[in-house]
Amino acid sequence: MIRDPEKLDRYTAPERVNHWLVAMTFILLALSGLALFHPAFFPLSQLFGGGVWTRILHPFIGAALICFFGSMFFRFRKSCITTAADWEWLSHSREMMNGDDRNMPEAGKLNGGQKLLFWMLVACMALLVLSGIVMWRAYFSFLFPVAVIRFAAVVHAATGAGMIALIIGHIYLAIWTKESIGAMLYGKVRRAWAKQHHPAWYREITGGRK
Amino acid sequence: MALQSLDITRRSATTTPPPGQRKTMEVVKLIDVTKCIGCKACQVACMEWNDTRDVIGANHGVLDNPMDLTEASWTVMRYAEVETDRGLEWLIRKDGCMHCGNPGCLKACPAPGAIVQYSNGIVDFQEENCIGCGYCIAGCPFNIPRLSSKDSKVYKCTLCSDRVAVGLEPACVKTCPTGAIVFGSKDDMLHHAEERITDLRERGFAKAGIYNPQGVDGTHVIYVLHHADKPEIYNGLPKEPAIGPMVEIWKGAAKPVASLALGALAAGAFFHYVTKGPNEVSEEIEKEFKDDTRS
């Protein structure tokens, strides 16, 4: 129960539920995928009931993720269309990471970094699904020549590592930018937060009121 | 499955040395294709000794039976009718695991100890550790391992590692009526192969030779071929088998590079926080809203 009426709505309940369904399935996928990727991570297979269960579950969790992620894609794709201002924002993002945000162009509801992350995740998901189907030995691998399976294995490993890297970055930036986790947890943000991090969005929804 | 436990040179998905205190003699099974009459006694002996029974298949109008390796048929005779400069030739090759010096299956396997290589050269699947992912099938340059539909484990020729461990030759060798399959130390078998090749060349097979591909660091199943310059004519025996660049990247550089990169990223993020501090709402904006009585 958020009892402060002054707080601004940032994400709707369905958006939040969708996000956390994606997050939970992704973490399960990353852990089980790493277990199959490098022997150093193989003990993670114990979280899934052993190596055999990890092998069985990983692709099914992947199927769940593509459903949840697909839903999120249709929810956010319009708000993630990049503009010239977003690229300008991105070109200054290094300064911001160094603690200097004086030159940052005003971000809208989502900043250039969030939009870029979205599209990079979409690309990763597409590659992971396609290569994952080819690698799914129980149902699909017999349909493909071995050269394609080998290529898919490299694509799957590289893209999987890339997507884990993107999500590590995403989680870190959420921790780094104070109060932003709250926005995705219960959907509301303080006005001061909105004006600080998303000034153009703040102006838009408050009708120019400061 | 195996009795040997102290003479392991390679163990799948294991980054520390496997138990290898004992060193055994490197062995080779030599298959002299030129002496093979295609009787399939080796197929029968294999399923007798290993007590596997394949499903009864259909007649495809050719001698090949079963038509391919399966989880229960670890060796099959492959028959080819080929036109060569000598006229029509009937080439019969006993197919099965080659027991590579550098096994692609073992390299690809993500399950610790599901595939081992003994110091005698035998590459053996330990099915109790197998998770059924089928990566070995993608890693094998010879298309040998077969996934069982019954238990989702992968099976292939063991080179009768259980028999060899107690000083016996593999079952197929034991039963071969023409002496086309022989078994012994690698040195002896290479020597024997040389003698056979000399004999074949004298009989007009100028291109007779040995098939012991170096792209996989040699094999522990070696063929004597009458046309060693064209191994493909023996039902697609690969000319230059190798693990290949895709499996090398996937199971070589990708593993440490990606693992270190992800670790470095996580550490870098943490130290960014430690050195730069969090990204908070500025004092200026906080004040602005405080003056407004409510935030």
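1. A residue is buried if 20 or more other C-beta atoms lie within 10 Å of its own. By that test, buried residues make up 31% of the 210 residues in chain A. Keep in mind that this is a predicted model.

2. Start with the layout of chain A. Nine helices and two strands make up its list of elements. Read from the N terminus, the order is β-α-α-α-α-α-α-α-β-α-α. The C-alpha trace of chain A spans about 60 × 40 × 30 Å along its principal axes. Now look at contacts in chain A with a separation of 6 or more: 65% of them link residues 24 or more positions apart.

3. Why does Ile149(A) count as buried? Because it has 24 C-beta neighbours inside 10 Å, and the cut-off is 20 or more. Leave out residues up to four places away in sequence, and Ile149(A) touches Val134(A), Met135(A), Ser141(A), Phe144(A) and Ala138(B). Take Met135(A) from that list. It sits 14 residues from Ile149(A) along the chain, and their C-alpha atoms are separated by 6.1 Å.

4. Next, the nonpolar cores. In soluble globular proteins, nonpolar side chains tend to be buried together. Here the largest nonpolar core has 101 residues. Val33(B), Cys109(B), Ile115(B) and Cys136(B) have the most contacts inside it. Which element gives this core its largest share? Helix H1 of chain A, residues 13-37, with eight residues. There is also a second, separate core of 10 residues. Val189(A), Ala192(A), Trp201(A) and Val281(B) are among its members.

5. Setting aside neighbours within four places in sequence, Ile115(B) is in contact with Ser12(B), Cys105(B), Leu106(B), Cys109(B), Val123(B), Phe125(B) and Cys136(B). One of these, Phe125(B), is also the bridge partner of Ile115(B) in E6(B).

6. That bridge belongs to an open sheet in chain B. Three strands form it, in the order E1-E5-E6, with antiparallel pairing. Strand E1 (8-11) and strand E6 (123-125) of chain B are the edge strands, so each pairs on one side only. From one strand to the next, the twist averages 25°. Strand E5 (residues 115-118) of chain B is joined to E6(B) by three bridges.

7. Chain B has another open sheet, and here the pairing is mixed. Its four strands come in the order E9-E2-E11-E10. The edges are strand E9 (181-185) and strand E10 (209-211) of chain B. In this sheet too, the twist averages 25° from one strand to the next. Strand E2 (residues 27-32) and strand E11 (residues 221-225) of chain B run parallel, joined by four bridges. One pair to find is Lys29(B) with its bridge partner Val221(B) in E11(B). Helix H6 of chain B, residues 186-202, packs on this sheet and touches E2, E9, E10 and E11 of chain B. The direction of H6(B) makes about 135° with that of E9(B).

8. E3(B) and E4(B) form it, with two residues between them. Strand E3 (residues 76-84) and strand E4 (residues 87-95) of chain B pair in the antiparallel sense over nine bridges. Ala80(B) has Leu91(B) as its bridge partner in E4(B).

9. How do the two chains meet? The contact takes 40 residues from chain B and 37 residues from chain A. On the side of chain B that touches chain A, helix H7 (245-251), helix H8 (254-276) and helix H9 (283-291) of chain B each supply at least two residues. Which of the elements gives the most to that side? H8(B), with 11 residues. By class, the side of chain B that touches chain A has 24 nonpolar, 10 polar and six charged residues.

10. Finish with a length check on H8(B). At 1.5 Å a residue, its 23 residues should span 33 Å. The end C-alpha atoms of H8(B) are 31 Å apart, which agrees. After H8(B) comes Gly277(B), whose phi is positive, near 80°.

Methods
Residues numbered from 1 in each chain as written. Chains lettered and ligands numbered in written order. Predicted model: local features only at pLDDT ≥ 70, side-chain atom pairs only at ≥ 80, totals over all residues. Core = buried A, V, L, I, M, F, W, Y, C linked by C-beta atoms within 7 Å. Buried ≥ 20, exposed ≤ 12 C-beta atoms within 10 Å, placed from the backbone. Contact = placed C-beta atoms within 7 Å. Pairing = 2+ DSSP bridges. Axes fitted to C-alpha atoms, helices over the stretch in contact; angles between N-to-C directions. Nonpolar A, V, L, I, M, F, W, Y, C, P; charged D, E, K, R; others polar. Expected span 1.5 Å × (residues − 1).
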